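The sequence and structure come first.

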Amino acid sequence: MKTKNAAAIDSDLSNLRIDKLLWFLRFAGNRAMAKKLANTGHVRLNGRRVGRAHMMVRQGDILTIPQGREVHVIRITVLPQHRGSAPDAHSCFERLSVGE
């Protein structure tokens, strides 16, 4: 059973856990992989290293996500509410190039 505070955090549409966001945006194949990616410390949120999967992301935040030999730098334009199709996921962020 959730407490009132936990229920309020879950229903807040202005932020989203980073592991759920990585899964929703298709940077991870499943939620467990997204949690592992967030916990490794390689992902950065607004320039700061992410060490926990429960860190909250908001609209306008910048994420740096390594995948293989690529590093994705994205700005969140809209927080997704569910895992949708790839085009839906790509419409929720914009890719940034170095120096932006």
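What percentage of the 100 residues of the protein chain count as buried?

1. The answer is 32%, in a predicted model, where buried means under 20% relative accessible area and exposed over 50%, with partly exposed in between (1.4 Å probe, protein chains only). Local features need pLDDT of at least 70 and side-chain atom pairs count only at pLDDT 80 or more, while totals for chains, interfaces and linings use all residues. Residues are numbered from 1 along each chain as its sequence is written, and side-chain values use heavy atoms, leaving out hydrogens and water.

2. The protein chain contains 4 helices and 7 strands, being DSSP runs numbered from the N terminus (helices H or I, at least four residues; strands E, at least two). Their order from the N terminus is α-β-α-α-β-β-β-β-β-α-β.

3. Within helix 3, Ala34, Leu37 and Ala38 are buried. These residues lie on the same side of helix 3 because they cover an arc of only 95° around the axis, taken from the directions from the helix axis to the C-beta atoms. Ala32 and Lys36, on the other side, are exposed. Helix 2 and strand 5 are among what covers the buried residues of helix 3.

4. After helix 3 comes glycine 41, with a positive phi near 90°.

Definitions and conventions
Contact means heavy atoms within 4.5 Å.
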